[in-house]
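Tutor: Let's go through this model together, one question at a time.

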Amino acid sequence: MPSTSTGKKTAHSLFNRSLVSIYDLSKQQILDVLTTASKMERLKPEAKAKILAHKTVASLFFEPSTRTRLSFEAAIQNLGANVIGFSDENVTSLKKGESFSDTIKMVCNYAHAIVMRHPITGHARIAAGEASVPVINAGDGTNEHPTQNLLDLYTIKKRFGRLNGLKIGFLGDLKFSRTIKGLVHALNKLGDNEYYFIAPHQLRMEEGITQTLKGEGCKILEGEHLENFIGLLDILYVTRIQRERFDSHAEYERLRGSYQIDKGTLARAKKTLALMHPLPRIDEISRDVDELPQATYFQQAHHGLPVREAILSLILGGKHGKN
Ligand code: CP
């Protein structure tokens with residue numbers, strides 16, 4: 001569907017571009033999203049509802065989601081646009097044998113942009129290649145989740161007032177996590193921080209990725225034991241051991257309880273620590289931690305809304321109101 005927006009495509013703007021990878025964004029583009037998200041939090045609902053009036057956005061979820069799908073769909077509606085789509089590919093003509101490529105081409109007839117989650121690495125890039133409208137990657141396999149990266153950055157900026165000079169620990173499943181490598185890459189673009197990769201040996205970040213990040217100038221220390229690091233961290237970013245990424249159920253069962261954060265763990269942390277998690281959690285953060293001031297994960301999920309409103313309005317060319 002052709003865009004009728006008055007937005008302009010300049011070297012720095014996100015207008016009419018796909019968002020497939022956080023690696024594709026410049027520092028200025030990331031900062032634009034964060035600034036626009038902050039404006040979204042201050043805009044009155046009636047002003048927000050005019051931003052994308054008469055637009056349609058397709059929400060195509062080939063893999064389960066709670067936060068990403070619902071916050072995107074709420075953001076689309078808050079901006080005054082219509083949402084179409086599906087959250088289960090079994091209700092589509094893919095079941096009759098239609099190709100992924102034709103499916104994406106068809107959706108472009110009905111929508112000004114596509115938000116898509118897919119279980120297979122690389123399918124967001126493939127969709128962007130097929131589509132005549134911008135594609136926003138809402139997670140592709142174990143590869144990337146750029147809008148999660150942006151809401152994580154927004155959360156850190158709001159919490160600390162800066163994206164620089166922080167000691168940040170990443171805990172759990174670093175091998176299959178699609179959020180961590182992109183977040184470290186983006187943080188390193190924006191500031192000078194220290195990163196601690198803490199994981200069981202079997203779930204360590206791939207050596208090649210760690211080396212690439214180090215090559216970009218990231219200061220990374222690796223270890224298996226949280227107690228060696230917890231006292232010095234400003235942020236502890238916990239990830240779920242993801243059952244759906246394991247070939248062997250026995251291996252998953254062996255590793256799933258590797259780390260459990262409870263009040264005792266946080267007694268050894270800074271009072272100002274931000275405990276983050278992209279969610280969903282299973283049992284890696286105990287429920288009794290939720291009431292502590294360090295618990296940041298529900299705020300983090302809440303920030304999905306203004307950040308996704310910002311992304312949609314920048315890509316579809318809406319006006320964001322006064323500063
Ligand atoms: N954080 C995140 O992507 O959550 P969902 O899988 O529920 O969308």
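Student: In which loop is the place of Pro-280?

Tutor: A word on the ground rules: this is a predicted model, in which local features need pLDDT of at least 70 and side-chain atom pairs count only at pLDDT 80 or more, while totals for chains, interfaces and linings use all residues. Residues are numbered from 1 along each chain as its sequence is written, and side-chain values use heavy atoms, with hydrogens and water left out. Helices (H or I, at least four residues) and strands (E, at least two) are DSSP runs numbered from the N terminus. On that basis, the place of Pro-280 is in the loop between β9 (274–276) and α11 (297–302).

Student: Which residues does Pro-280 touch, leaving out those up to four places away in sequence?

Tutor: Contact here means heavy atoms within 4.5 Å. With residues up to four places away in sequence not counted, Pro-280 touches Arg-67 and Arg-240.

Student: Is Pro-280 buried, partly exposed or exposed?

Tutor: Buried means under 20% relative accessible area, exposed over 50%, and partly exposed in between (1.4 Å probe, protein chains only). The relative accessible area of Pro-280 is 37%, so Pro-280 is partly exposed.

Student: What UniProt annotation covers Pro-280?

Tutor: UniProt positions are given in the numbering used here, with shortened feature names, and annotations may be inferred rather than shown by experiment. In an unreviewed entry, Arg-67, Thr-68, Arg-117, His-145, Gln-148, Leu-279 and Pro-280 carry the annotation "binding site".

Student: Is Lys-96 buried or exposed?

Tutor: Lys-96 is found in the loop between β2 (82–86) and α4 (100–107). The relative accessible area of Lys-96 is 73%, so Lys-96 is exposed.

Student: And is Arg-240 buried or exposed?

Tutor: Arg-240 lies in the loop between β8 (235–238) and α9 (249–255). Setting aside neighbours within four places in sequence, Arg-240 is in contact with Asp-173, His-277, Pro-280, Ile-282 and Glu-284. At a relative accessible area of 16%, Arg-240 is buried.

Student: Which residues are closest to the centre of the largest pocket?

Tutor: On a 1 Å grid over the protein atoms alone, a pocket is an open set with protein on both sides within 12 Å along at least five of seven lines, whereas a cavity is a set of points where a 1.4 Å probe fits but cannot get out; lining residues have an atom within 4 Å of a point. Grid points are joined across faces, edges and corners, and a volume is the space filled by probe spheres set on the points. The largest pocket has a volume of about 480 Å³. Of its 21 lining residues, the closest to the centre are Arg-117, Arg-178, Arg-240, Leu-279 and Pro-280.

Student: Why does the largest pocket lie between the domains?

Tutor: Domain bounds come from an automatic or database domain assignment. The pocket lies between the domains because its lining takes residues from both domain 1 (22–145 + 304–316) and domain 2 (146–302).

Student: How many residues of domain 2 are in contact with domain 1?

Tutor: The C-alpha centres of domain 1 and domain 2 lie 25 Å apart. From domain 1, 33 residues are in contact with domain 2, where the number is 29.

Student: How much space lies in the largest cavity?

Tutor: The whole structure has 3 cavities of 30 Å³ or more. Residues lining the largest cavity include Ser-71, Leu-151 and Gln-300. The space in the largest cavity is about 40 Å³.
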